[in-house]
Amino acid sequence: AARAETCACIQPPATASPRAEGTWRHRSQSLPPISPSKARSVARRSMLAPARAHHLFNTASSGSKGVRLLVEQGLLGDSAADLARFLLDNDGKLDQDMVGDLLGSDEEKSKGALKLVISSLQLEGLPLDSGIRRMIATIKLPGEAQKINRVIEAFAARFCECNPAVFSHADDAHVIAYSLIMLNVDAHNDK
């Protein structure tokens, strides 16, 4: 019974979206600014083709290939900040499996976007399990252990940044968060 209670605390909330709970910072607080001319150009392209961008990303064979297509088509800039902005602005419209896989990948742009997406989460004053729940509501964890580890590592660093008195080091938060997630997987896996 105690194990089920521990694992149930990690499940993302079923009813409320993270935006409704006020989990997002204003984008200008967490992402680097872009020049006014680039902002107008990106805004014009994104206003003209959001459905096309969603379709290209969602129908690609992987998140990385979807991003490459969007960059080639001029629908997305080539920086980590552009990618993070795209993922945050289109939350709920993109294939969540592909987004999680993309953010967990080892590519430099993906790592930068992961840090920016995680930095948009407001984790101040939350217990670790609630912070994990908030992160999981934003990023669907990929299936590969190394990719999960990258996401949890970024989360742990952000959690410790927001709650410096809870853990003495981000590695402590990382080990506990990863363990909670693995316990949750084990509890809900029929095998």
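**Asking how we know: a helical model and its cavity**

Guide: Let's start inside: H7 gives three residues to the lining of the largest cavity, the largest share from any element. Keep in mind that this is a predicted model.

Visitor: What makes it a cavity and not a pocket?

Guide: A cavity is a set of points where a 1.4 Å probe fits but cannot get out, whereas a pocket is an open set. With a volume cut-off of 30 Å³ or more, the count comes to one cavity. The largest cavity has a volume of about 70 Å³.

Visitor: Which elements give two or more residues to its lining?

Guide: Those are helix H6 (80–89) and H7. In total 11 residues line the largest cavity, and Leu-87, Leu-88, Asp-91, Val-99 and Thr-138 are the ones that lie nearest its centre.

Visitor: How many of the lining residues are nonpolar, polar and charged?

Guide: Eight are nonpolar, two are polar and one is charged.

Visitor: What does Leu-83 touch, not counting residues up to four places away in sequence?

Guide: Val-67, Leu-76, Leu-102, Lys-109 and Ala-113.

Visitor: Which residues are in contact with Ala-80, leaving aside its neighbours within four places in sequence?

Guide: Ala-80 also belongs to helix H6, and its contacts are Lys-109, Gly-112, Ala-113 and Leu-116. Ser-110 turns up again here: C-alpha to C-alpha, Ala-80 and Ser-110 are 6.6 Å apart in space, though 30 residues apart in sequence.

Visitor: Now helix H10. How do you know that the distance between its end C-alpha atoms agrees with its number of residues?

Guide: Helix H10 (residues 145–162) has 18 residues. The expected span is 1.5 Å times one less than that number, which means it should span 26 Å; the end C-alpha atoms are 25 Å apart, so the two agree.

Visitor: Which residues of H10 are buried, and what do they pack against?

Guide: The buried ones are Lys-147, Ile-148, Val-151, Ile-152, Ala-154, Phe-155, Ala-156, Arg-158, Phe-159, Cys-160 and Cys-162. Their packing partners are helix H7 (96–103), helix H8 (108–119), helix H9 (128–138) and helix H11 (170–188).

Visitor: Stepping back, what does the secondary structure of the protein come to?

Guide: It comes to 11 helices and zero strands.

Visitor: What share of contacts between residues at least 6 apart in sequence join residues at least 24 apart?

Guide: In this protein, 68% of them do. Of the 191 residues, 45% are buried, and the accessible surface comes to about 10000 Å², with 55% of that belonging to carbon and sulfur atoms.

Conventions:
Residues are numbered from 1 along each chain as its sequence is written. This is a predicted model: local features need pLDDT of at least 70, side-chain atom pairs count only at pLDDT 80 or more; totals for chains, interfaces and linings use all residues. Side-chain values use heavy atoms; hydrogens and water are left out. Helices (H or I, at least four residues) and strands (E, at least two) are DSSP runs, numbered from the N terminus. Buried means under 20% relative accessible area, exposed over 50%, partly exposed in between (1.4 Å probe, protein chains only). Contact means heavy atoms within 4.5 Å. Accessible areas come from the Shrake-Rupley method with a 1.4 Å probe; for residues, only the protein chains shown count as cover. On a 1 Å grid over the protein atoms alone, a cavity is a set of points where a 1.4 Å probe fits but cannot get out, and a pocket is an open set with protein on both sides within 12 Å along at least five of seven lines; lining residues have an atom within 4 Å of a point. Grid points are joined across faces, edges and corners, and a volume is the space filled by probe spheres set on the points. Ala, Val, Leu, Ile, Met, Phe, Trp, Tyr, Cys and Pro count as nonpolar, Asp, Glu, Lys and Arg as charged, and the others, Gly among them, as polar.
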